[in-house]
Amino acid sequence: MTEVEWLCCEFSSPMLEHMRDHRIGSWRKRFFLSLACCRRVAGVMSTDGLRAVEAAERFVEGSATEEERWQAFVASGEAMDEANDLHTQKADYCAYRFVQLAAEREPTATWDDDIAAWIAFTAPEAFAWTGTQWDEAVLNGHRRDIADWVRDIFGNPFRPVTFDPSWRTPAVVALATEIHERQSFDRMPILADALAESGCCDSEILSHCQTSIGHVRGCWVIDAILGHG
C-alpha cells in the first residue's frame, strides 16, 4: 500500500493488513476501532450482544471481572448462533469478537487472529442484507465510514507526526481530556484553535482537528496530546 492508496482507501481490510505487515498500531487503538464498529451496529444487536459490549468495556477499564467477561462472551456467542435474522447475527458476531478482544492483547500477525479486522469487516454486513442479496451501496457506505475511522485512530503511517510537548498547554490538555471522556467531537475545531494558540503549526494536526465529524475514541491527535499509544 502507498500513501496515496492509504488516504483514498474506502475499505478497512487492506489498511489493517498494511499495519499488521509493518507492526503498526497498538492493541488499545484496535480496541477503540472495534468499539466504534460495535456501537454502529448496536441498534440491531440482541440484548446479550449489548451486554457483551458493555462488559468488554468495563473489563478493560478494570470494573468487570474475568468471570463477567467470560459469561458475556458465552452469552453473546449463543445469541449469535440463535439469531433469527442475519442483521442481528452479524451484529452479535461483532459483540462476541469484541468481548474476546478485550482479553486477547497479543500482537496480531495474520488476518485470522486480527479480531479488530474481522469486526470492521463484518459490521457493515449488519445493515446491507436485503433478504436476497447484499445492498452494495449500503455496504460500501459503511465501509467508507470505517475506513475514515481507521485514519482517525491510526493517522497516516506514511507520515508520522512528532507532537511537541510545548503544545500541551493546560487548556489544550483539558479540552482534549473532555473530548475523549465525553466523546464531544463537535469541539475538535475549538481544539484546533487552542493548539494554534499554543504554538502548534503542524498542518497535519490542525487540519485533522478542523472537522468535527469522522472522529471516534482513540483519535490520533487526542491520543498524542494525552500521551496515549
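Trainee: With which side chain does the side chain of His208 make a polar contact?

Mentor: A polar contact is a pair of N or O atoms within 3.5 Å; within protein, one must be able to donate a hydrogen and the other to accept it, and residues adjacent in sequence count only if both atoms are side-chain atoms. Here the side chain of His208 pairs with that of Asp152 at 2.8 Å. This is a predicted model, in which local features need pLDDT of at least 70 and side-chain atom pairs count only at pLDDT 80 or more, while totals for chains, interfaces and linings use all residues. Residues are numbered from 1 along each chain as its sequence is written, and side-chain values use heavy atoms, with hydrogens and water left out.

Trainee: Is His208 buried or exposed?

Mentor: Buried means under 20% relative accessible area, exposed over 50%, and partly exposed in between (1.4 Å probe, protein chains only). His208 has a relative accessible area of 17%, and is therefore buried. The residue lies in helix H12 (residues 203-209); helices (H or I, at least four residues) are DSSP runs, numbered from the N terminus.

Trainee: How is the packing of two helices read, and at what angle do the axes of H2 and H9 cross?

Mentor: Two packed helices are described by the angle between their axes and the distance between the axes. Axes are lines fitted to C-alpha atoms, for helices over the stretch in contact, and angles run from 0 to 180 degrees between N-to-C directions. The axes of H2 and H9 come within 9 Å and cross at roughly 30°. H2 is therefore roughly parallel to H9, a label for angles under 35 degrees. On the H2 side, Ser12, Met15, Leu16 and Met19 make the contact (heavy atoms within 4.5 Å); H9 contributes Ile146, Ala147, Val150, Arg151 and Phe154.

Trainee: How many residues does the largest nonpolar core have?

Mentor: A nonpolar core is a set of buried Ala, Val, Leu, Ile, Met, Phe, Trp, Tyr and Cys residues joined through side-chain atoms within 4.5 Å. The largest one has 43 residues, and Leu33 and Phe98 have the most contacts inside it. H3 provides the largest share of this core, 8 residues. Leaving aside residues up to four places away in sequence, Leu33 touches Leu16, Ile146, Trp149, Val150, Ile153 and Phe154.

Trainee: What is the phi of Arg23?

Mentor: Most residues other than glycine have a negative phi. Arg23, in the loop between H2 and H3, has a positive value near 55°. Arg23 is exposed, with a relative accessible area of 59%.

Terms used:
Parallel < 35°, antiparallel > 145°, perpendicular 65-115°, else oblique.
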